[in-house]
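User: I'd like to go through the labels on this model and ask what stands behind each one. Can we take them in turn?

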Amino acid sequence: MLKRVLTARKRPALSPRPPLVRELLLVTALYLAYKFGRRVANGQFADAYDNAHLVWDLERALHLPSEGWVQDLLMHSEPVIRFINVYYATVHFPAMLVFLVWMYWRRPGHYLWVRWVLTWLTAAALVLHLLVPLAPPRLFRPSGLLDTGRIFGPAVYGKPEADSMANQFAAMPSLHVGWALVIAIALIVSCRSRLRWLWLLHPAITVLAVVSTGHHYWMDGIVAATFLALILAVLRPPRRAAPADAPPTPAPAERPAVAAVGGTPRTEPAPTADLAHRDG
């Protein structure tokens with residue numbers, strides 16, 4: 001996916017920033033539509049637990065590592081699991097907000113592309129939340145996972161309720177993972193620093209956080225990454241055009257004509273022909 005997105009390497013064509021007020025209203029409207037859409041999908045408890053059984057059995061059939069093993073490993077160090085809990089609870093939305101503001105101000109040529117990628121990814125996630133409610137591992141007893149936020153803090157969710165704004169059964173796919181991948185890929189594409197590849201640490205830590213805290217299965221992140229790959233296959237980033245002030249490439253100089261006997265000019269043979277004659 002990264003290879004396809006990073007195909008073009010020239011400077012991005014200049015693009016004016018879209019109107020700020022319009023973008024604020026649009027992004028706010030999209031976010032509210034997503035939040036209320038998740039609430040509509042709330043309350044499907046029986047289906048959510050049935051789907052959890054299916055996902056759990058599928059992961060075991062695919063021989064994916066147990067989420068419980070990751071949680072047990074990190075819970076051996078209380079500072080580490082507390083850091084992971086804080087990362088899950090506090091980074092997701094602020095990181096996206098700062099990212100969008102920076103892209104709008106510093107990379108307007110890529111901002112519209114990012115906005116459309118996020119729109120389609122979030123819309124696809126909402127559709128799957130409506131169609132496939134899923135109990136997260138911390139609420140699915142066969143997984144054996146705990147809600148580390150309630151043990152070590154900070155706690156993100158309370159007891160699941162059908163009329164709650166926070167739909168705890170909208171686990172598939174994980175937008176924590178999807179949005180983190182968008183941030184990393186967009187910054188790698190739009191920046192030129194050699195250190196830009198370090199942005200991949202953000203989705204890597206996010207995957208570790210959503211699994212070890214008991215909020216998501218591996219499949220939730222895999223589905224989010226698959227959706228994003230399909231969207232990026234259609235919505236390519238702005239192509240990079242050559243700088244407008246770049247000097248034109250000079251044409252190769254023609255070899256001068258050599259006068260022949262009798263006054264008729266002739267052209268010296270091309271070097272390739274001469275080499276071919278010399279080499280027999």
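**Salt bridges, burial and pockets**

Analyst: Let's start here: a network of salt bridges links R22, E23 and R115. This is a predicted model, where local features need pLDDT of at least 70 and side-chain atom pairs count only at pLDDT 80 or more, while totals for chains, interfaces and linings use all residues. Residues are numbered from 1 along each chain as its sequence is written, and side-chain values use heavy atoms, with hydrogens and water left out.

User: What makes the contact between the side chains of E23 and R115 a salt bridge?

Analyst: The rule asks for a side-chain nitrogen of Lys or Arg within 4 Å of a carboxyl oxygen of Asp or Glu. For E23 and R115 the N to O distance is 2.7 Å, so the pair passes the cut-off. E23 lies in helix α2 and R115 in helix α7, so the pair ties together parts that are 92 residues apart in sequence. Helices here are DSSP runs (H or I, at least four residues), numbered from the N terminus.

User: Why is E23 called buried?

Analyst: Buried means under 20% relative accessible area, exposed over 50%, and partly exposed in between (1.4 Å probe, protein chains only). E23 has 2% relative accessibility, so E23 counts as buried. R115 is buried too, at 9%, whereas R22 is partly exposed at 44%.

User: How do you know whether E59 and R60 are buried or partly exposed?

Analyst: Same test. E59 has 0% relative accessibility, so E59 is buried; R60 has 27%, so R60 is partly exposed.

User: What makes S212 buried, and what does S212 touch?

Analyst: S212, found in helix α10 (residues 201–212), has 0% relative accessibility and therefore counts as buried. Not counting residues up to four places away in sequence, S212 touches V70, Q71, L74, I84 and T148, where contact means heavy atoms within 4.5 Å.

User: Why is V177 called buried?

Analyst: Its relative accessible area is 3%, so V177 is buried. V177 sits in helix α9 (residues 175–190). Leaving aside neighbours within four places in sequence, V177 is in contact with T206, V207, V210 and G221. V177 and H202 are 25 residues apart in sequence and 9.2 Å apart in space, C-alpha to C-alpha.

User: What makes the largest pocket a pocket?

Analyst: On a 1 Å grid over the protein atoms alone, a pocket is an open set of points where a 1.4 Å probe fits, with protein on both sides within 12 Å along at least five of seven lines. The largest pocket holds about 670 Å³ of space. Among its 23 lining residues (an atom within 4 Å of a point), the closest to its centre are V27, T28, Y31, M96 and L100.

User: Which helix gives the largest share of that lining?

Analyst: α2, with nine residues. α2, α6 (92–106) and α7 (108–131) each supply at least two.

Technical notes: Grid points are joined across faces, edges and corners, and a volume is the space filled by probe spheres set on the points.
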